[in-house]
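Here is a friendly walk through the model you have open. Please keep the viewer at hand as you read.

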Amino acid sequence: MKDVEVAARFAQATRQAFSGLVQRAIAEAVDFVVIAGDIYDGDWKDNAIGLFFNREMARLAQANIPVYLLKGNHDAESVVTKSITLPDSVFSFDTRRPASFRIEALALALHGQGFADRSATENLALAYPPPVAGWFNIGVLHTSLTGRPPHANYAPCSLDDLRSRGYDYWALGHVHEHEVVSTEPMVVFPGNLQGRSIRETGPRGAVLVTVEDSRVASVERILVDEARWAVLEIDIAAAQSLADILRLLTNALATTVDSAEGKLLAIRVRLTGSTPLRAWMLAQRAMLVDEIQAACHRLHPDIWLEKLDLAVTAPRVTAPAPSLAGLDMEGLLAALAVDPAMLEQARAIIGEIAAKLPAGLGAGEQPLGDDPALLLAEARDLLIQSIGDSA
């Protein structure tokens with residue numbers, strides 16, 4: 001996405017999602033809110049994020065809704081050094097040892113321990129206190145359980161470890177995907193409130209838990225995200241022209257647009273299949289990107305192309321490849337594309353380019369979008385196409 005305004009809207013979506021959750025909690029008149037970690041994303045550049053969070057906590061306080069807050073790896077005491085005094089209705093779990101909060105009127109107890117450091121590698125769950133007899137007991141934990149790639153393996157533990165504590169419900173944080181891990185007892189990752197990149201596709205939100213007669217009666221997913229990410233893969237093997245490609249795109253995109261429910265949508269389009277159009281597509285990538293973006297806007301004004309991924313292959317041909325002065329250019333270029341020295345040189349050049357990109361853009365494992373081998377393969381095909389056009 002090149003539009004600065006659109007990027008700003010995606011950046012703002014996380015705050016809007018949290019405000020939406022607070023509004024839903026007030027509307028539902030919930031008894032309390034549990035946040036199982038990662039409120040912040042590291043230290044603050046200024047107090048804006050702290051003031052925003054305080055404002056939302058104050059809205060809950062004015063509605064007489066307490067909040068039970070546990071620090072995760074992103075907002076550990078060793079990571080977030082600034083602070084804003086929160087309302088008295090916000091209760092934070094200790095980071096040195098497990099602690100419990102009791103709500104006498106509900107005969108309910110919450111047990112948890114926050115992160116003192118970003119990297120919590122010990123099994124925290126085993127030290128959680130025994131349940132309060134006759135009460136509904138909730139365990140709050142920021143954990144990857146036995147592993148949830150690509151999330152770091154923090155506070156590792158097993159489902160049996162959680163069951164051993166004898167609690168009625170486990171509210172888990174850290175993992176961004178919604179997952180009901182167990183129903184006996186109920187163990188739930190609500191997921192994050194807002195997808196933050198193309199790696200976090202689909203709807204996002206929290207869960208509303210209803211307890212009746214000291215048992216979980218229902219766990220309802222509450223969707224509060226303001227923007228969505230999606231990956232659309234389209235086989236264009238049957239396409240003979242740009243018009244065919246756009247027609248296939250439009251047909252495939254319709255379902256994705258409907259599922260986005262009118263929200264701001266960023267989509268990565270991955271074109272696949274064997275097509276004689278491959279060389280033309282590589283040479284005309286910029287034009288193709290604009291045409292696909294325009295097709296998206298014809299369906300809905302708030303669909304934005306995050307990236308075009310050309311995963312197409314060229315059909316096998318028996319005719320000789322273009323040559324220059326009798327040389328087998330395709331063979332020479334194919335050998336260069338997999339040559340270790342050439343790959344190393346390509347990595348070095350990519351590193352130089354990434355270092356000059358604006359802050360953050362070159363921080364990924366593949367700052368230019370694809371690995372060096374794929375970039376060299378595209379360059380090879382473009383050069384062969386150029387030689388063929390000039391022959």
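## A salt bridge across the chain

D302 counts as buried, at 16% relative accessibility (buried means under 20% relative accessible area, exposed over 50%, and partly exposed in between, with a 1.4 Å probe and protein chains only). Its partner in a salt bridge is R9, with the closest N and O atoms 2.7 Å apart; a salt bridge here is a side-chain nitrogen of Lys or Arg within 4 Å of a carboxyl oxygen of Asp or Glu. The pair links distant parts of the chain, since R9 sits in helix α1 (residues 4–28) and D302 in the loop between α6 and β14, 293 residues apart. Helices (H or I, at least four residues) and strands (E, at least two) are DSSP runs, numbered from the N terminus. R9 itself is partly exposed, with a relative accessible area of 35%.

A note on what you are viewing: this is a predicted model, in which local features need pLDDT of at least 70 and side-chain atom pairs count only at pLDDT 80 or more, while totals for chains, interfaces and linings use all residues. Residues are numbered from 1 along each chain as its sequence is written, and side-chain values use heavy atoms, with hydrogens and water left out.

How many salt bridges does a search of the whole structure find? The search finds 15. One of them joins D309 and R270, whose side chains meet at 2.9 Å, N to O. D309 lies in strand β14 and R270 in strand β13, so this pair ties together parts that are 39 residues apart in sequence. D309 is buried, with a relative accessible area of 15%, and R270 is partly exposed at 23%. Salt bridges that share partners also join R24, E28 and E220 into one network.

R96 and D94 form a salt bridge too, with their closest N and O atoms 3.1 Å apart. R96 is exposed, with a relative accessible area of 64%.

## Helix α4

Helix α4 covers residues 242–259, which is 18 residues. From its first C-alpha to its last, α4 reaches 26 Å, close to the 26 Å expected at 1.5 Å a residue; the expected span is 1.5 Å times one less than the number of residues. α4 bends by about 35° at L253, where the bend is the angle between axes fitted to the seven residues ending there and the seven starting there. After α4 comes E261, whose phi is positive, near 55°.

Which residues of α4 are buried? They are D244, I245, L246, L249, L253, T256 and V257. An α-helix has 3.6 residues a turn, so residues three or four places apart point the same way. The cover over the buried residues of α4 includes β12 (227–235), β13 (264–274), α5 (278–283), α6 (285–299) and β14 (303–313).

## Cysteines

A search of the whole structure finds 0 disulfides, a disulfide being a pair of cysteine sulfur atoms within 2.5 Å. C157 is buried, with a relative accessible area of 4%. C296 is also buried, at 0% relative accessibility.

## Loops and backbone angles

Most residues other than glycine have a negative phi, and most peptide bonds are trans. The peptide bond from E184 to P185 is cis, with omega near -5°, and P185 is placed in the loop between β8 (179–183) and β9. N64 is not a glycine, yet has a positive phi of about 60°; N64 sits in the loop between α2 (48–62) and β2 (67–69) and is exposed, with a relative accessible area of 68%. D213, in the loop between β10 and β11 (215–223), has a positive phi of about 55° although it is not a glycine. D213 is exposed, with a relative accessible area of 78%.

T201 is found in the loop between β9 (186–189) and β10 (205–212), and at 34% relative accessibility T201 counts as partly exposed. Leaving out residues up to four places away in sequence, T201 touches W229, A230 and V231, with contact meaning heavy atoms within 4.5 Å.

## The chain as a whole

The secondary structure of the chain comes to 9 helices and 14 strands. Buried residues make up 42% of the 391 residues in the chain.
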